[in-house]
Structure formats: C-alpha cells, structure tokens
Amino acid sequence: MNAKEFAAAAGLGEVIGAIAEASAEIATKIRLAGLSDIYGAAGAVNVQGEAQQKLDVFANDVMIAKLGAVAECAAIVSEEDDEPVVFDHPGAKFVAIFDPLDGSSNIDVNVNVGTIVSIQAVKGDATATALQPGTAQVAALYVVYGPSTVMVVALAEKEGVAFFTLDDKGEFVLTAEGVKMPEQGPYYSTNEANAASWPAVYREYVATLVKGELGGKAYGARYIGSLVADFHRTILKGGVFLYPPTEKAPKGKLRLLYEANPLALIAEKADGAAVNGRTRILEVVAEQVHERTPLIVGSKREVEALQQMVLKAGK
Ligand SMILES: O=P(O)(O)OC[C@H]1O[C@](O)(COP(=O)(O)O)[C@@H](O)[C@@H]1O
Ligand SMILES: [Mg+2]
Ligand SMILES: [Mg+2]
C-alpha cells in the first residue's frame, strides 16, 4: 500500500496523495541540490522575519501547486506566506497547514531537513479552520529527507503511526504500521546554548536527566537543529526534545500550528506526549496562524516529568 491509498482509505481523499507527490519532488531537488543553483538564500524574508532559502521557496511552491490541484483541499496555510492561500474548490473539506521545509538552515551543510503538515476539517474560513485546536486535527504527517526519505502519518481515528519509505519510482510505500515510541528513552535533545536564558526549571530538568535521576540511566545528548530529524530520532529511540522559552523568544521559537500541533498528534498517537510546559499542546488555542510556542515532546515519562516540574515551580 502507498501513502495515497492509505489516506484515501481513511477518508482523506487526495490530500495526502498530493503531499506525497510534492514531497517526492522536494526529495529529488534536495538530493540533487549540489548539481543545481538551489542552495543558498532566496534574498527574501518571510513573515517570521527569517531569511528564506531558495529551497524554502521551491518546497512551498510545489506544495501549493499540488494541493491547489486537489478538489478536497479548500486552502493552505504556510510558514512562508503571511496569509492563507484559498483555492476555488467549492465544498472542499480540508485545510492543510504546513512548514514546507523545516530545518532549512541545515540545507547548505547537507543535513536532514523535513516537511511538516497538519490537516484540519473545514470549519468557517481558512483562518478559522487553521485556528482550531490541535485536538481537532484529522491527520498530521511529516517527511524526513534523510539517507532515505520517510513519511510518518498519524490519523486522528487510529492509534499508532504509519511509516512510508520513498522508493525509486517516486512512491511512498508502507513500511511499518501501528508504530509506538518507547515509553522512556536514552536521549534529550535541545539547543543547550540557550540554557542560561531558560526558566530555571528547565535547567533543573535537564540536570535530572543527565544525572540519571529519572529512571536510573544517565541520558545522552543529541541535537541536529532540524526539528523533524530530532523528532524522528525521538519517536524511534525514545527520549525528549525540548525548545523552552528563552529571553530572545519568551513565547518559544517553534510554531504552534504547523510544527508543534502535527508533531504533538503524531507523538500522542505513538503513545508519547507533548506540552508547552504546563499545558498539553493539542489543547492550546492559537490566536494567530503564525503563533509560536515552547515545545516539549517525546516519550511519556520524560514529558510528564517536565510538566510536573513546571507546574510545581509555578512557571
Ligand atoms: O537553531 P535553533 O535555535 O536551535 O533552532 C532550531 C529549530 O529551528 C528550526 O529550524 C525552525 O524551522 P524552520 O527551518 O522551518 O524555520 C527547527 O527545525 C529547529 O528545531
Ligand atoms: Mg520549521
Ligand atoms: Mg520552514
């Protein structure tokens, strides 16, 4: 079975099939990047105030073109566009909310990047649909462009997550189903250079892990700096990824709607958890589509321990 058939069987029509086609094109572009003029900055700045890479723009354009050709897709919300892009598709059922290329600062050094997508059922206009809490998502997925290209899909109605691997014909073939993450893992993953500007409780938490005070074994550190890649390791090996608030980004750096929400649904469907410190990510109600959030996601044991420490500290 491929990703397109899997999603169609789950009542999602062609939406995931279109994302699979877009991802296959993005994967090819990334794989051959050194042979074309696609590395480097595009010369523009996106709504987040971040310099766009040429591959950010390419990935966004491909996603919009593919989803714009699908009758069930009413609109898209992208990290790279200030406003939703609304399609003329009367009666369309879904809005796709995405980060077309995640970890783009890693592109030029040939390190894993990804695509992250949340799918919401239409409820009002595109913005209102996108602003529904993560609990309302009908599906979520990410694609990791690594040594192989893998798509991981969670459906709201199904426990466990499905893995698809891109074959040499451009198809995402089902390679694992019902995947769950370890209840506890060996790694923590965070940009520790920010530690001095985290709320103290996060430093205490990491010290707890390093000293082996949570479950007996001392944790190791792993940080790629591509959320998708750091999350993918976490789902396979267990452990915790955290991007706490910092002085520079007091509301967190990562985006709620197209980074935290989809990964939180995938984590929960795999028996993991995701919080913003105090609150379950999927219950946070966004006020704007590009809203940022702290994110702590991973195995249940680690995420719950952090949440308890934060609540106890009153932070
Ligand atoms: O460089 P930092 O501050 O550690 O931030 C890394 C985070 O930023 C991101 O690159 C942001 O994603 P984009 O590349 O989509 O802007 C995440 O992938 C990653 O987790
Ligand atoms: Mg990103
Ligand atoms: Mg991005």
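This is a predicted model: local features need pLDDT of at least 70, side-chain atom pairs count only at pLDDT 80 or more; totals for chains, interfaces and linings use all residues.
Me: What makes a residue count as part of the contact, and how many does each domain give?
Reply: A residue counts because its C-beta atom, placed from the backbone, lies within 7 Å of that of its partner, and on this basis domain 1 gives 36 residues while domain 2 gives 27. On the side of domain 1 that touches domain 2, the elements giving two or more residues are β5 (94-102), β6 (113-121), α4 (126-130), β7 (139-145) and β8 (149-155), and β6 gives the most, with 5 residues. By class, that side of domain 1 holds 19 nonpolar, 13 polar and 4 charged residues.

Me: How do you know the way in which α5 and α8 are packed?
Reply: Helix α5 (residues 200-210) and helix α8 (residues 300-313) have axes 10 Å apart and pack at an angle of about 145 degrees, and α5 passes α8 in a right-handed crossing.

Me: Why is one residue in the contact of α5 with α8 called charged?
Reply: Val201, Glu204 and Tyr205 in α5 meet Leu306, Met309, Val310 and Ala313 in α8. Glu counts as charged, whereas Val, Tyr, Leu, Met and Ala count as nonpolar, so the contact has 6 nonpolar, no polar and 1 charged residues.

Methods:
Residues are numbered from 1 along each chain as its sequence is written. Chains are lettered from A and ligands numbered from 1 in the order in which they are written. Two residues are in contact if their C-beta atoms, placed from the backbone, lie within 7 Å. Helices (H or I, at least four residues) and strands (E, at least two) are DSSP runs, numbered from the N terminus. Axes are lines fitted to C-alpha atoms, for helices over the stretch in contact, and angles run from 0 to 180 degrees between N-to-C directions. A crossing is left-handed if the near helix is turned anticlockwise from the far one by less than a right angle, and right-handed if clockwise.
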